[in-house]
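Dear colleague,

Please find below the structure I am handing over to you. My findings follow directly after it.

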Amino acid sequence: MKKEYRIKKSSEIDAIFKHRKSKNNQYYGLHQKPNSLNEHFRFALSIGKKYGNAVERNLAKRRLRMIVAEFSPYMKKHIDFVIVVKPQSKMLNYQEMKNSIEELIKKSNLTENKHA
């Protein structure tokens with residue numbers, strides 16, 4: 001996934017949280033905000049230290065970036081979102097992570113067609 005699809009500035013991430021449009025499940029939270037300035041979606045990941053050590057957090061982030069990359073052809077344009085990782089998600093394997101994120105993406109109506 002190209003870096004242009006990632007949100008890095010804390011001010012932009014804070015703006016998404018302040019927009020207060022979010023969906024949650026047991027393992028993840030997804031906060032979203034429209035952004036008409038970009039021609040594609042952008043996203044960020046938020047994972048706290050309660051999740052585990054740096055190795056565990058980095059593994060979770062790599063997996064989540066791969067999951068988002070799989071859904072990228074079907075994502076709506078002009079939207080920014082942040083995925084918040086809850087510590088309970090530590091026990092999930094890759095397929096369970098993918099199913100949980102897919103459920104959140106459907107709930108948040110972030111896809112353009114019926115694939116995801």
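I begin with charge: the chain carries 26 positive and 11 negative side chains, and the centres of these two sets lie 5 Å apart. Please keep in mind that this is a predicted model.

As to the fold, the chain has three helices and four strands. Read from the N terminus, the order of the elements is α-β-β-β-α-β-α.

Turning to overall dimensions, the C-alpha atoms fill a box of roughly 35 × 35 × 25 Å along the principal axes. The radius of gyration is 13 Å, which agrees with the value near 13 Å that a compact globule of 116 residues would have. Of the contacts with a separation of 6 or more, 81% are accounted for by residues 24 or more positions apart.

Concerning burial and surface, 38% of the 116 residues are buried. The chain exposes about 7100 Å², and carbon and sulfur atoms supply 48% of that area.

One residue was examined individually. Ile 101 is located in helix 3, which spans residues 94-108. Is Ile 101 buried or exposed? Its relative accessible area is 1%, and because the cut-off for buried is under 20%, Ile 101 counts as buried. Leaving aside residues up to four places away in sequence, Ile 101 touches Tyr 28, Leu 64, Ile 67 and Ile 83. Of these contacts, Ile 67 lies 34 residues from Ile 101 along the chain, and the C-alpha atoms of the two are separated by 7.8 Å.

With kind regards

Methods: Residues numbered from 1 in each chain as written. Predicted model: local features only at pLDDT ≥ 70, side-chain atom pairs only at ≥ 80, totals over all residues. Heavy atoms only, no water. Helix = DSSP H or I, 4+ residues; strand = E, 2+ residues; numbered from the N terminus. Rg over C-alpha atoms; globule rule 2.2 N^0.38 Å. Buried < 20%, exposed > 50% of the residue type's maximum accessible area, 1.4 Å probe, protein only. Contact = heavy atoms within 4.5 Å. Areas by Shrake-Rupley, 256 points an atom, 1.4 Å probe, with all protein chains shown as cover. Lys, Arg positive; Asp, Glu negative; His and termini not counted. Charge placed at Lys NZ, Arg CZ, Asp CG, Glu CD.
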